[in-house]
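Q: I have a sequence and a set of coordinates. Can we go through how to read the core and the strands?

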Amino acid sequence: MPPDLNLDLGDGLCMRVLVAEDAAMLVEATSGESDPALWGPRPAGPYSLHDGQAALAAWDPAAGGQFSIGILDGQQLLGAVGLMPDRPGSAELAYWIRPEQRGRGIASRAVTAATLWGHSNLGLTRIWLEIKPGNEPSLRVAHHAGYRFERRLAQHCRDWSSEEAEHDSWHDCLIWAHVNGVPYKSAL
């Protein structure tokens, strides 16, 4: 279970771990979403209440694995950051902002805060992002949050255009990382 988390982002925004009781808030937040979202193997909004409950159950912090940190303005969910440990001292970080809130710098602020929190409170040495080439907004978030390009993985990420992996298409992914306390050299 992650330690208690309550991060103040300023301007009335805060971050806290999302729990099962937040399902209705997740449903409302994804109601205008047509792009892939954060949760699940094939994420897409809008969520039904059942979808929201299932997603948050899969991201249950009590399970000791992956968990989701909500970005809130009062009781409105503006987006989320997910941390997915992959080995000791390392975790992937994913983020999502509701469509009408994009372009306001919320993702950069949230990713920066979650990254610093992960290093200092979870003892993570390396936190990494997986970004689709050409996703300029996500590349800007990575850069603004202090991440550095590591490498390109060819045909690594699934498009989820088919339910069956063998009939699906795949695309390259860019790996960006934030390493705590280690001099960093980009592979560019």
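Q: Which residues have the most contacts inside the largest nonpolar core?
A: First, the model is predicted. In soluble globular proteins, nonpolar side chains tend to be buried together. Here the largest such core has 35 residues, and Met15, Ile71, Leu93, Tyr95, Tyr147 and Trp176 have the most contacts inside it. Helix 3 (residues 106–122) supplies the largest share, seven residues. A second, separate core has twelve residues, among them Leu18, Ala23, Ala29 and Leu72.

Q: What is Met15 in contact with, leaving aside its neighbours within four places in sequence?
A: Contact here means heavy atoms within 4.5 Å. With those neighbours set aside, the partners of Met15 include Leu5, Leu7 and Leu9, then Ile69, Gly70 and Ile71, and also Val81, Ala110, Ala113 and Ala114.

Q: Why is strand 3 largely enclosed by the rest of the structure?
A: A residue counts as buried when its relative accessible area is under 20%. Strand 3 covers residues 67–73, and six of its seven residues are buried, so the rest of the structure largely encloses it.

Q: How many bridges join strand 3 to strand 4, and in which sense do they run?
A: Two strands are taken as paired if there are at least two bridges between them. Strand 3 and strand 4 (residues 76–87) are antiparallel and joined by seven bridges. Within this pairing, Phe67 has Leu83 as its bridge partner. The two strands form a hairpin with two residues between them, and Gly74 in the turn has a positive phi of about 70 degrees.

Q: Over how many bridges does strand 2 pair with strand 3?
A: Strand 2 (residues 13–17) pairs with strand 3 over five bridges, also in the antiparallel sense. Val17 is opposite Ile69 of strand 3.

Definitions and conventions:
Residues are numbered from 1 along each chain as its sequence is written. This is a predicted model: local features need pLDDT of at least 70, side-chain atom pairs count only at pLDDT 80 or more; totals for chains, interfaces and linings use all residues. Side-chain values use heavy atoms; hydrogens and water are left out. Buried means under 20% relative accessible area, exposed over 50%, partly exposed in between (1.4 Å probe, protein chains only). Helices (H or I, at least four residues) and strands (E, at least two) are DSSP runs, numbered from the N terminus. A nonpolar core is a set of buried Ala, Val, Leu, Ile, Met, Phe, Trp, Tyr and Cys residues joined through side-chain atoms within 4.5 Å.
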